[in-house]
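Hi there,

Here is the structure I promised to hand over.

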Amino acid sequence: MIDPLSCIVTLLQPKAAFSKVVHAAGKWRIRREEIGNPFYCVVLEGSCEFTLKGDEPIDLTAGDFVLVPEAHAFTVASSHAPALDEADTVPIKTAASTYFVGEAEQELNAHLLIGHCQFEAPDSKILVSLLPKLVHLREAKRLTTLVELVIEESLAQRPGRDSVLARLLEILLIEAFRTKMDAPEVPGLLVGLADERLAIAIRKIHQDVSKAWTIDQLAKEASLSRSSFFQRFSKAVGYTPMEYVIAWRMAIAKDLLRRQTFTMATIAERIGYQSASAFSSAFSKHTGQAPSKFLVEDGLVERKLQEV
């Protein structure tokens, strides 16, 4: 049976931006204003404090892993950080992808592996909205190994580097999210998949997105009453069942459109619409633009899509 989590991570199209090794000493603070790109960090030795804007600080110690699928503003600092009115620390490059932060005359208090990546999917915001805002895991040995492999591969200039990095990032993300499923917090896909009844319905949606699903059919798959299923699904996932079906159909449609190898009619059939015009209408309503306009604005080479 199709795995929804793997589907979403693959459709996100993760691509490595850069990664680095950071050694820190004394008092230090690094503040970053991102543009919604994913950020992850592993603490190899020592400790530090991580703060996502709007949230309480998190104390990180050796073995901890942090992932923010859509980071906008965050701070990483020493456990005893500089005063708020003091300037942020400027990292000093000491070798390829290796940096030092803090006070050179002080003892090292943190050894970090930090990575940034990008999601190339045009509808990444929809997909990311199904995932946790923050993943914090302790004793994350498998994830530490994966981050080390990402950094090692990013530094090497070997054949197939980009493909290997993309696959490593997919594995890293899946491992982080499925581990987080053991203790889901806010509504999203992980909460839905952690519910055995809802997980059956979600997998059915991903397995056959072309089927004309109804709430009654999905409720039956989950062995729940219609009203119970609707309420339980909406509370867990943050979408109503039909909203989720449509959002997933459109995510697949955008992926197929970007490939530029399928006709409108083929795409329509694959995601459950009876005609190209019905698909075009649903796509326009959901995204605010026609499929052809989406292709142009997505930066792809414009090409006529045959409607048969």
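The protein chain carries 35 positive and 39 negative charges, and their mean positions are 7 Å apart. In that count Lys and Arg are positive and Asp and Glu negative, with His and the chain ends not counted; each charge is placed at NZ of Lys, CZ of Arg, CG of Asp or CD of Glu.

Before you read on: this is a predicted model, in which local features need pLDDT of at least 70 and side-chain atom pairs count only at pLDDT 80 or more, while totals for chains, interfaces and linings use all residues. Residues are numbered from 1 along each chain as its sequence is written, and side-chain values use heavy atoms, with hydrogens and water left out.

Now the overall picture. Taken along the principal axes, the C-alpha atoms of the protein chain fill a box of roughly 70 × 45 × 35 Å. The secondary structure comes to 12 helices and eight strands, both being DSSP runs numbered from the N terminus (helices are H or I with at least four residues, strands are E with at least two). The accessible surface is about 15,300 Å², and 51% of that belongs to carbon and sulfur atoms; these areas come from the Shrake-Rupley method with a 1.4 Å probe, and for residues only the protein chains shown count as cover.

Of the 308 residues, 48% count as buried. Buried here means under 20% relative accessible area, exposed means over 50%, and partly exposed is in between (1.4 Å probe, protein chains only). As for contacts (heavy atoms within 4.5 Å), take those in the protein chain with a separation of 6 or more: residues 24 or more positions apart account for 74% of them.

On to the inside. In soluble globular proteins, nonpolar side chains tend to be buried together. A nonpolar core, as used here, is a set of buried Ala, Val, Leu, Ile, Met, Phe, Trp, Tyr and Cys residues joined through side-chain atoms within 4.5 Å. The largest one in this model has 73 residues, and F65, F229 and F279 have the most contacts inside it. Helix α9 (residues 241-259) supplies the largest share of this core, with nine residues. What does F279 touch, not counting residues up to four places away in sequence? The list is A253, L257, M264, I267, A268, I271, Y273 and P291. There is also a second, separate core of 22 residues, with A24, F50, I58 and I114 among them.

Next, the salt bridges, meaning a side-chain nitrogen of Lys or Arg within 4 Å of a carboxyl oxygen of Asp or Glu. The count comes to 12. Here are three of them:

- R31 pairs with D88, with the closest N and O atoms 3.0 Å apart. This links distant parts of the chain, 57 residues apart: R31 is in strand β2 (residues 29-52), and D88 is in the loop between β4 (65-77) and β5 (92-95). R31 is partly exposed at 37% relative accessible area, and D88 is partly exposed at 31%.
- K133 meets D55 at 3.1 Å, N to O. These two are 78 residues apart, with K133 in the loop between α2 (124-128) and β8 (135-137) and D55 in the loop between β2 and β3 (58-61). K133 is partly exposed at 49%, and so is D55 at 27%.
- D162 and R161 form a bridge at 3.3 Å, N to O. D162 counts as exposed at 55% relative accessibility, whereas R161 is partly exposed at 23%.

Salt bridges that share partners also join R29, R31 and D88 into one network.

T144 sits in helix α3 (residues 141-155). Is T144 buried or exposed? With a relative accessible area of 12%, T144 is buried because the limit is under 20%. Leaving aside neighbours within four places in sequence, T144 is in contact with V42 and L44.

L190 belongs to helix α5 (residues 189-194) and counts as buried at 3% relative accessibility. L190 and V237 are 47 residues apart in sequence but 7.9 Å apart in space, C-alpha to C-alpha.

T287 is in helix α11 (residues 276-287) and is partly exposed, at 25% relative accessible area.

Cheers
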